[in-house]
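This report considers the pocket and the aromatic ring pairs of one protein model. The sequence and structure are shown first.

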Amino acid sequence: LSVKNIKSQGSQQNLKRLLNRQVDFAIVQLDVANEAMRQEKVEAVAILANEYVHIITRQDSSLKTFADLQGKRVAVGTPGSGMSFTADRLLKADKITVQPDYSSFDEAFKKLKFRQVDAVIYVGSLGASQNLRQEFLNNPDLRLLPIEPALINQLTVFDPGSYQGAELPTGTYTSRPPIPDRNLLTLSTPTVLVTHPNMNRQKVALVTWSILFTARTYSPFYPALQNE
C-alpha cells in the first residue's frame, strides 16, 4: 500500500480536504470530525490517541483557572488547526471573550516568554510532544491551569462523543520542579483516522492492519502506544 503524507495546518484543513475528495484518509480530532460523522459524510477507521487540553501561562501570572482568560491575550493555535477549533469551543461554552492570537507553536511560546500573550492553549497527546516538553524544560517559569469542573461537565454532557473529563498527572512534563505541580482537571478529545463512507474495504483493512502492526512493533519504546 503506497501512502503519501500531505502537510497541513491541522484537523480542520484535513477534514476539509477529505470532504472535498482531495485525500483518501485524514487524521482529525474527534470534536472536529463529529458533525461530519453524524451526517454520515465520513467514517472513523481507528482511534489513534487521546489529545489533552493544556492551558499554559507563566508562573508569575495572576491567572488561576481557565475562566480567568476573560479579556486576555491568548494564543489559540493556527487557523485550520484542531487546537483553534477546540479553543473556540471551550471559550464559547464558558462565554469567555479573549484577544485571540493565531501564532504557530514556536511563535506562541516566544510571545508568552516576552509577555506578548498571557496564555497558550495547546491540544495534544499527554506528554508525547517533544517540543512541548522542551518548552517546559527550557522555561521552568511556565505552569499549567486547570479547567473548572462545571465547564468539563457541560461539554461532556452536551457532546459526550467529542469530549471526556481527564487529568494532567503531576510531573507529566518535568519532575523537579514537577510540572504540573498537582493533578489538574482538563478535557480530552480522541484523534481519529477517518475516511469516506464508500472507501474501498481492502484499503481500509490494510491501513488498519498497518496501524496495529506498527503500534505493536514500537510500543516497547513508546508507553502511550501500550495504554492509549
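## Lining of the largest pocket

The model discussed here is predicted. The lining of its largest pocket is made up of 16 nonpolar, 18 polar and 5 charged residues.

The space in this largest pocket amounts to about 1,200 Å³. The lining comprises 39 residues, and those closest to the centre of the pocket are Asn5, Ile6, Asn14, Ala26 and Ile27. Two or more lining residues come from each of several helices, namely helix 1 (11-19), helix 3 (82-93), helix 5 (130-138) and helix 7 (201-218). Strand 1 (25-29), strand 5 (119-125) and strand 10 (184-195) likewise each give two or more residues to the lining.

## Asn14

Asn14, one of the residues closest to the pocket centre, is located in helix 1. Its relative accessible area is 16%, which is under the 20% limit for a buried residue; Asn14 therefore counts as buried.

Leaving aside residues up to four places away in sequence, Asn14 is in contact with Ser8, Val23, Ala26, Ile27 and Val28. Of these contacts, Ala26 and Ile27 are also listed among the residues closest to the centre of the largest pocket.

## Aromatic pairs: Phe105 and Tyr122

The structure contains 4 aromatic pairs. One of them joins Phe105 and Tyr122 in an edge-to-face arrangement, with 5.8 Å from centre to centre and 70° between the planes. Because Phe105 belongs to helix 4 (residues 105-113) and Tyr122 to strand 5, this pair ties together parts that are 17 residues apart in sequence.

The two partners fall into separate accessibility classes: Phe105 is partly exposed, at 23% relative accessibility, whereas Tyr122 is buried, with a relative accessible area of 7%. Ring pairs also bring in Phe109, so that Phe105, Phe109 and Tyr122 are linked into a cluster.

## Aromatic pairs: Phe136 and Tyr173

A further pair is formed by Phe136 and Tyr173, whose ring centres lie 5.0 Å apart. Their planes meet at 35°, so the pair is classed as tilted. Phe136 is part of helix 5, while Tyr173 sits in the loop between strand 7 (164-168) and strand 8 (174-175); the pair therefore ties together parts that are 37 residues apart in sequence.

Phe136 is buried, its relative accessible area being 1%. Tyr173 is likewise counted as buried, at 3% relative accessibility.

Notes:
Residues numbered from 1 in each chain as written. Predicted model: local features only at pLDDT ≥ 70, side-chain atom pairs only at ≥ 80, totals over all residues. Heavy atoms only, no water. 1 Å grid on protein atoms, 1.4 Å probe; cavity = no way out; pocket = protein on both sides within 12 Å on 5 of 7 lines; lining within 4 Å. Points joined across faces, edges and corners; volume = space filled by probe spheres on them. Helix = DSSP H or I, 4+ residues; strand = E, 2+ residues; numbered from the N terminus. Nonpolar A, V, L, I, M, F, W, Y, C, P; charged D, E, K, R; others polar. Buried < 20%, exposed > 50% of the residue type's maximum accessible area, 1.4 Å probe, protein only. Contact = heavy atoms within 4.5 Å. Phe/Tyr/Trp six-rings, centres within 6.5 Å; stacked < 30°, edge-to-face > 60°.
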